[in-house]
Amino acid sequence: MTDLGMPRVDGNAVATGVKDMSTNTPVIMLTGWGRRMQEDAVLPAGVDHLLGKPARIAALREALASCMTGGFKKGIG
């Protein structure tokens, strides 16, 4: 079986790295594991918004709007 994911790093590590470099940078995670993560209702560290694939346009717009206003309301959509 071939791993088609990111080599040697996962989305959680990327999100944490982004926040370590710039705490004010919003992170929206778009993941195929979104439905399972949404059921747990817990955002990974460094993630401001979690969207499952395929992302709903309304949820993506809401996440982007939240990031643009600087509120970074954490959300799972």
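I began with strand 1, which has a covered face made of Met29 and Thr31 and an uncovered face made of Ile28 and Leu30. I note at the outset that this is a predicted model, so I looked up the confidence before reading further. The protein averages a pLDDT of 79, and 70% of the residues score at least 70. Confidence is lowest in strand 3 (residues 75-76), at a mean of 62, and highest in helix 3, at 90.

Next I looked for the partner of strand 1 and found that it pairs with strand 2 in the parallel sense, over 4 bridges. Met29, which belongs to the covered face of strand 1, has Leu50 as its bridge partner in strand 2.

I then listed the elements. The protein has 3 helices and 3 strands, and from the N terminus on they run α-β-α-β-α-β. Of its 77 residues, 25% count as buried. When I took the contacts between residues at least 6 apart in sequence, 42% of them turned out to join residues at least 24 apart.

Helix 3 was my next entry. It covers residues 57-68, 12 residues in total, and reaches 16 Å from its first C-alpha to its last, which is close to the 16 Å expected at 1.5 Å a residue. Which residues of helix 3 are buried? I found Ala59, Ala63, Ser66 and Cys67. They cover an arc of only 100 degrees around the axis, and therefore sit on the same side of helix 3.

I went on to the backbone on either side of helix 3. Pro54 has its place in the loop between strand 2 and helix 3, and the peptide bond joining Lys53 and Pro54 is cis, with omega at about -10 degrees. Just after helix 3, Gly70 takes a positive phi of about 80 degrees. For context I wrote down that most residues other than glycine have a negative phi, and that most peptide bonds are trans.

Is Asp48 buried or exposed? This residue lies in the loop between helix 2 (34-40) and strand 2, and it counts as buried because its relative accessibility is 4%, where the cut-off for buried is under 20%. I then checked what its side chain meets, and found a polar contact at 2.8 Å with the side chain of Lys19. A polar atom of the Asp48 side chain also lies 2.8 Å from the backbone nitrogen of Val27.

My last entry concerns Ala13, which is found in helix 1 (residues 11-21). With a relative accessible area of 39%, Ala13 is partly exposed, because that class lies between the 20% limit for buried and the 50% limit for exposed. I also compared its separation from Pro44 along the chain and in space: Ala13 and Pro44 are 31 residues apart in sequence, and their C-alpha atoms are 9.6 Å apart.

Terms used:
Residues numbered from 1 in each chain as written. Heavy atoms only, no water. Helix = DSSP H or I, 4+ residues; strand = E, 2+ residues; numbered from the N terminus. Expected span 1.5 Å × (residues − 1). Buried < 20%, exposed > 50% of the residue type's maximum accessible area, 1.4 Å probe, protein only. Arc of directions from axis to C-beta. Polar contact = N/O pair within 3.5 Å; in protein donor to acceptor, adjacent residues only side chain to side chain. pLDDT = per-residue confidence, 0-100. Pairing = 2+ DSSP bridges. Contact = heavy atoms within 4.5 Å.
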